[in-house]
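Me: Could we go through this model together? I would like to begin with the charges.
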Amino acid sequence: MSKKESYQTARGTRDILPKDQPYFQMIRHTSECVLQSLGIQRIDLPTFENAEVFTRGIGKDTDIVSKEMYLISKRGDDIKDPTYALRPEGTASAVRAYIENGMGSMPQPVKMYYVGPMYRHDRPQKGRYREFYQVGVEIFGDRSSKADYLSIMSAWKILSDLGLKNIIVYTNSIGCPACRPKYIKKLKSYYKKNLNKLCSDCRVRYEENPLRLLDCKEDGCKKLAKSAPLIIDNICDECKDHFQSTLELLDYFEIRYDLDPYLVRGLDYYSRTVFEFAAKSDKERQNSIGGGGRYDELVELLGGAKTPAVGFSLGIDRVVELMREQKIKPTPIRGVEVCILQLGEKAKEVSKKVYEMLSKHNTNVYFVPTNDGLRTQMRHAVKTGAKYALIIGQKEALKDEVILRNLNASSQETFFVKDILEEIQKRIEKDKC
Ligand code: HAM
């Protein structure tokens, strides 16, 4: 006898069940409304790309690329020689798309957003998945601080339109290729004397990515970072002016930010402004709900013309968790609003007329003509979740009438067919209040 197999989702992935969909739908819908109202257009990017887009784009020594990338090979190829990678983020792909589609010759800035799943092979824990969802924005071709502001503001507006409270933007400037190398030298000479006090990861960072020494979460490293020279005190005048004018715009529009001199971000492509969004209660910022920054060198690095750029991504899964923590109720999904029940041939004819009239006018109406009795049709109507049923029997059909029944209250009234659209819409509108 063969044993019945049962399967589970792969570690770090999960089903987003119908009961959770209202949250996801509300975040996607709010994001799209906000971003489109700001003139940002949607782009859909592939979920897998040539692995090099990410290795070069994000940086081969970053955790995301060196430890967390899902590599895939072409069918039949040797997995030891992978060609593609599941996208761990959207920025490098957006840059590839900007170059490949000749967007550099379009009127600048080019402003795009994307929504979809990302993949990182990290250790799963609360708020950290191997398959997670982001909404992200990338703005190309504007080197002014207006674009930094627009990035921060659009994420801020999404979060506040969702009703989230106590959100803070943490921000810093990590300088540019003109001033950062001098700072890195200074930083390394500070850490050189303290190498033995660093955790093993940081000893590698010292060689490969010294900026990240500043945001290690290990206690010993955190203590050392406290006395390290700060990048914000070592950036050039142009970077200082750029950061200053970004902050002035945030002040003017009353966006709450904190300066975080240790914020460096985990991706290599950033220059100048970097930022992260978190709830004020998440002091350690274990689960930042979003992050981004400027990346003026990335387009050139991936083979395009020198193009300034800035953007951000919000982690949808973490926004959902925060909405739950803050007890924010998502807008319910509309579902079926009205069911039509009918008895007899003439009633079928009138029902079709009513069905077409309602569905043409943006009412969610369910109608499948059957020969079932009224009781069976009623049971079915209740199961659809509709609040209203329209009942048309032979008698009503002959008089061009319809019975409107409230399935929750079990009350009913008769109307002329010509008046039913207005009556139904009035009731549905009233139910929303
Ligand atoms: P990131 O900071 O790596 O930046 O990710 C952005 C957000 O995605 C995080 O703040 C977090 O909310 C969410 N996130 C990241 N990893 C996970 C995970 N394993 N599970 C659940 N949520 C996660 C970027 O991805 C950059 N591409 C942002 C950007 C756009 N910079 C410029 N433009």
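Reply: Lys and Arg count as positive and Asp and Glu as negative, while His and the chain ends are not counted. The place of a charge is NZ of Lys, CZ of Arg, CG of Asp or CD of Glu.

Me: How far apart are the mean positions of the positive and negative charges?
Reply: They are 4 Å apart, for 71 positive and 60 negative charges in the protein chain.

Me: What should I know about the model itself?
Reply: This is a predicted model, in which local features need pLDDT of at least 70, side-chain atom pairs count only at pLDDT 80 or more, and totals for chains, interfaces and linings use all residues. Residues are numbered from 1 along each chain as its sequence is written, and side-chain values use heavy atoms, leaving out hydrogens and water.

Me: How many aromatic pairs are there?
Reply: The whole structure holds 11 aromatic pairs (Phe, Tyr or six-membered Trp rings with centres within 6.5 Å; planes under 30 degrees apart are stacked, over 60 edge-to-face, the rest tilted). For Phe24 and Tyr133, the ring centres are 6.2 Å apart and the planes at 80°, so this pair is edge-to-face.

Me: Is Phe24 buried or exposed?
Reply: Phe24 is buried, at 5% relative accessible area (buried is under 20%, exposed over 50%, partly exposed in between, with a 1.4 Å probe and protein chains only). Tyr133 is partly exposed, at 22%.

Me: Which stacked pair can you show me?
Reply: Tyr98 and Phe140 have ring centres 4.4 Å apart and planes at 20°, so they are stacked. Tyr98 is buried at 3% relative accessibility, and Phe140 is buried at 0%.

Me: Which cluster do they belong to?
Reply: Ring pairs link Tyr98 and Phe140 with Tyr269, Tyr270 and Tyr295.
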